[in-house]
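Subject: Structure for you to look at

Hello,

I am passing on the structure we spoke about, with notes on what was found in it. Please read them with the model open.

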Amino acid sequence: MSEPAAPPFAAVEELAAGEPVAVGSSAPAGIPGRARSERIQRAVAYGAMFGISLLFFVPFLWSLSTSFKPLPETANFSLLPHHWTLAGYRAALGDYNFTRYMGNSAVLAAAVTLTSVFLAAVGGYAFARLRFPGRTILFFLVLGTLMIPDQLRLVPIYRMLTVFPLTHWNLVDTYQGYWAIRMVSATALFLMRQYFLTIPRDLEEAAKLDAAGFFKTFWRVMLPLAGPALAAIAILEFQGTWNDFFWANLLLQSPQHWTLPVGLAQFVFTYRTLWNSLMAATMIALAPVVLVYLVFQRYFVAGVASAGVKG
Amino acid sequence: MAIAVPKRRLFGRTRQPGAGREALVGYAFVAVPMAVFVLFFIYPMIYAVYISRFDWGILGPLGKVGWKNYTTLWHDTLFRRAVKNTIEYTVWVVPLQMALGLLLAVIVNQRIRFRTFFRGAFYFPALASSAAITAIAIYLLNVDGLVNKVFGLHKLWFYDPQTALPAITGLNAWTTAGTMMLFYLAALQAIPTDVYEAAAIDGAGPWRQFWKITFPLLKPGHFFVAVVSIIGAMKIFDQAYIVSRGTGGPDYSTYTVVLYIYNTAIKDAQLGLAAAAGVVLFVVIFLFTIVQWAFFGRQEAA
């Protein structure tokens with residue numbers, strides 16, 4: 001899902017922060033008729049916003065409500081359940097194994113996020129600050145990987161993980177295989193490098209006088225300054241892995257390895273009409289991402305916008 | 001965002017005290033990420049082309065066939081159907097995403113209250129996983145579902161070859177609109193405000209201002225969003241797979257190119273043919289990427 005969508009990083013971050021932005025209709029005050037037309041315009045905008053945001057909220061609210069309905073009620077045309085029940089959640093988490101899928105998703109998302117953030121920071125620091133022969137070429141190689149779509153990698157990766165080169169490991173249907181191919185992303189490394197480039201050099205110079213090693217400079221000086229970039233990448237990678245269907249569906253084949261999206265898809269295939277359980281499982285899949293979004297909205301939008309768009 | 005490539009010779013010798021150690025540390029720091037990128041990106045790309053020149057079964061290569069897999073694709077009615085569906089989907093979803101994204105961007109760019117809230121609301125569907133969104137769509141579009149009830153219909157949206165692909169189109173236009181909104185917002189910010197001041201003095205209303213000023217000045221934005229949207233659309237898989245249990249049904253109406261790659265590789269174990277289809281898709285996507293980078297890469301990167 002990482003396209004090289006040349007990211008308007010600064011602009012988007014500013015937007016996410018809710019800063020005042022340039023507004024198309026800002027005309028100088030004092031022009032006759034201005035106040036009236038402004039009021040009409042504003043009323044239209046509010047109307048449109050509420051109408052359209054209903055379009056964006058109702059599907060989720062409807063599904064949320066269904067997840068608390070007993071099964072026979074799910075065919076009813078009512079926004080709220082008549083009898084509130086957790087039966088859907090109990091069935092999803094108990095009978096249909098979503099506890100297991102949730103655990104798998106959490107473990108994989110955590111592993112990928114940790115390694116990706118760390119490796120992107122280390123690599124990004126090296127590309128931003130350390131001088132070594134071939135650095136430019138290697139960096140272009142990193143950028144080049146952004147152009148390789150997952151859909152091209154499907155067959156060769158599947159084959160490689162079936163019979164790994166040289167070692168002949170079979171890594172299909174293992175957590176390790178899934179984690180290995182997502183261990184670090186070019187987008188994350190690129191964002192880290194860009195961020196490190198914005199940090200003034202004086203701070204490191206001071207550390208160098210202290211004769212701190214390169215790793216110490218990185219660990220003690222640079223990393224603590226890179227908080228916002230680390231947060232944006234952590235959120236990006238967490239969301240990407242938690243939501244990933246493409247690779248999880250391809251690689252994690254046996255039910256005990258399924259993640260939430262794969263479990264959801266399989267549930268749809270088998271028990272399509274158990275709507276309350278299906279919607280409960282869907283809400284479980286949505287909850288962490290929504291929570292992260294509400295808490296870290298600013299980093300979230302910045303990170304997602306720089307990663308491009310999902311298919 | 002600047003891709004500040006250092007203006008130094010690629011293999012220039014820098015004989016400074018500690019330079020050797022710095023280089024060693026540099027290599028150590030990039031070693032693991034570079035290994036991942038080479039092993040799981042660069043090598044697979046070459047490997048895909050290699051596999052595509054073989055008749056390749058589940059246990060390995062059965063014989064070299066040259067470019068035959070590509071001619072097989074050309075004549076394969078299923079692949080042609082997949083291409084047709086993918087193009088049809090792209091042709092519909094791209095303008096929808098763009099129009100919706102622009103509408104949302106213009107709305108939340110107004111100086112009104114709760115702007116941040118609305119921006120968050122419009123972006124909301126883009127947060128969710130494709131599986132969760134598709135599950136919700138299957139529920140809302142089932143025969144007793146909300147959509148049928150609201151419009152008084154009894155349609156079996158995902159079971160009818162006439163409506164299955166359009167339903168996925170609508171679903172994804174809705175999901176991705178928030179992302180397109182972000183790109184359009186960034187483009188809207190780039191328009192200088194004094195243009196509007198002049199227009200307002202000339203007595204142009206908001207509607208005229210939008211069509212005469214905003215829309216034409218957004219040209220680079222339209223182009224950027226269009227390319228991003230096209231590339232994304234050609235990769236359509238998750239929704240089609242989940243809606244049809246991976247069959248691309250009903251009646252192959254949701255059979256997309258990536259679904260073809262997946263099924264040919266995993267279900268039919270024809271890895272050579274699947275790899276060839278992957279290469280074809282890659283070439284098409286790559287062309288769009290090049291166009292995008294040619295227009296924007298330099299601008300944003302230099």
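Through how many residues does a hairpin join E1(B) to E2(B)? The hairpin joining E1(B) to E2(B) runs through two residues.

Before the rest, some conventions. This is a predicted model, in which local features need pLDDT of at least 70 and side-chain atom pairs count only at pLDDT 80 or more, while totals for chains, interfaces and linings use all residues. Residues are numbered from 1 along each chain as its sequence is written, and chains are lettered from A and ligands numbered from 1 in the order in which they are written.

The hairpin in chain B

Helices (H or I, at least four residues) and strands (E, at least two) are DSSP runs, numbered from the N terminus. Strand E1 of chain B covers residues 54–57, and strand E2 of chain B covers residues 60–64. E1(B) and E2(B) pair in the antiparallel sense over four bridges; pairing requires that DSSP finds at least two bridges between two strands. Within this pair, B:Gly63 in E2(B) is the residue opposite B:Asp55. B:Asp55 lies with B:Gly57 on the uncovered face of E1(B), and the covered face consists of B:Phe54 and B:Trp56.

The chains

Chain B contains 13 helices and two strands, whereas chain A contains 15 helices and zero strands. A residue is buried if 20 or more other C-beta atoms lie within 10 Å of its own, exposed if 12 or fewer, and partly exposed in between, with C-beta atoms placed from the backbone. Buried residues account for 50% of the 311 residues of chain A and for 47% of the 302 residues in chain B.

Along the principal axes, the C-alpha atoms of chain B fill a box of roughly 70 × 70 × 30 Å.

One residue of chain A

A:Thr136 sits in helix H5 (residues 135–145) of chain A. A:Thr136 counts as partly exposed because it has 16 C-beta neighbours inside 10 Å. Its C-alpha atom is 31 Å from that of A:Thr167, 31 residues apart along the chain.

Domains of chain A

The domain assignment of chain A gives domain 1 (30–88) and domain 2 (89–307); such bounds come from an automatic or database domain assignment. Their C-alpha centres lie 33 Å apart. In contact (C-beta atoms, placed from the backbone, within 7 Å) are 11 residues of domain 1 and 12 residues of domain 2 of chain A. On the domain 1 side, helix H2 (34–67) and helix H3 (87–95) of chain A are the elements that give two or more residues, and H2(A) has the largest share, four residues.

Between the chains

Contacts between the chains involve 100 residues of chain A and 98 residues of chain B. H2(A) gives the largest share of the chain A side, 14 residues. By class, that side has 72 nonpolar, 20 polar and eight charged residues. Here Ala, Val, Leu, Ile, Met, Phe, Trp, Tyr, Cys and Pro count as nonpolar, Asp, Glu, Lys and Arg as charged, and the others, Gly among them, as polar.

Regards

Methods. Two residues are in contact if their C-beta atoms, placed from the backbone, lie within 7 Å.
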